[in-house]
Amino acid sequence: MLTKYEQDIMVILWQLGKGSIQKLTITLPEPKRSYSSIYICVRQLMQKDFVGRISNGKEYIYYPKTSYRSYMISYFNNLIINSFNGINADILSSQTSTKELSFRETPELQYLTEHSFENEMLQELTWYNDENE
């Protein structure tokens with residue numbers, strides 16, 4: 001799973017489709033981070049295989065290697081398993097891997113979005129999904 005800071009960077013990359021470290025520095029929300037801090041985080045995302053890069057002259061352009069949808073499926077699978085301690089996790093996990101599952105349609109997932117400690121992260125990421133549906 002990604003840290004809050006890594007998620008912020010991924011949301012920007014999913015929005016833009018690609019971008020340089022300089023572009024990420026400008027686009028990321030407050031609190032602003034230094035160029036080197038963003039670079040280190042992007043390198044970590046590359047090591048986790050979430051981000052790729054291509055050379056563009058003297059700079060690199062970074063792009064998401066993982067789609068928003070794939071990340072959310074993985075996120076919800078982990079959230080379900082960790083939150084329910086395995087109860088009903090197999091049923092919900094099989095649904096998310098075989099068809100598109102709207103978390104608004106599933107009572108257990110709706111409960112999680114309303115009561116989980118990750119509620120803030122879910123709200124930030126769901127705006128991206130809602131805009132692209």
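## Exercises on rings, a serine and a helix

The charged end of arginine 33 sits over the ring of tyrosine 5, 4.0 Å from the ring's centre; "over" requires NZ of Lys or CZ of Arg within 6 Å of the ring centre and within 35 degrees of the ring normal. Before you start, note that this is a predicted model, where local features need pLDDT of at least 70 and side-chain atom pairs count only at pLDDT 80 or more, while totals for chains, interfaces and linings use all residues. Residues are numbered from 1 along each chain as its sequence is written, and side-chain values use heavy atoms, leaving out hydrogens and water.

**Exercise 1.** Describe the pair formed by tryptophan 14 and tyrosine 68.

*Solution.* 
- Rings of Phe, Tyr and Trp (its six-membered ring) pair if their centres lie within 6.5 Å; planes under 30 degrees apart count as stacked, over 60 as edge-to-face and the rest as tilted.
- The centres of tryptophan 14 and tyrosine 68 are 5.4 Å apart and the planes are at 85°, so this pair is edge-to-face.
- Tryptophan 14 lies in helix H1 (residues 4-16) and tyrosine 68 in helix H4 (residues 68-84), so the pair ties together parts 54 residues apart in sequence. Helices (H or I, at least four residues) and strands (E, at least two) are DSSP runs, numbered from the N terminus.
- Finally, ring pairs join Trp14, Phe50, Tyr68, Tyr71 and Tyr75 in a cluster.

**Exercise 2.** Work out the surroundings of serine 20.

*Solution.* 
- Find serine 20 in the loop between H1 and helix H2 (21-27).
- Its relative accessible area is 9%, so serine 20 is buried.
- Leaving aside residues up to four places away in sequence, serine 20 touches Glu59, Tyr60, Ile61 and Tyr62; contact means heavy atoms within 4.5 Å.

**Exercise 3.** Which residues of H3 are buried, and where do they lie around the axis?

*Solution.* 
- The buried residues in H3 include Ile38, Cys41, Val42 and Leu45.
- They cover an arc of only 100° around the axis, which puts them on the same side of H3; the arc is that of the directions from the helix axis to the C-beta atoms.
- Their cover includes H1, H2, E1 and strand E2 (59-64).

Key: Buried < 20%, exposed > 50% of the residue type's maximum accessible area, 1.4 Å probe, protein only.
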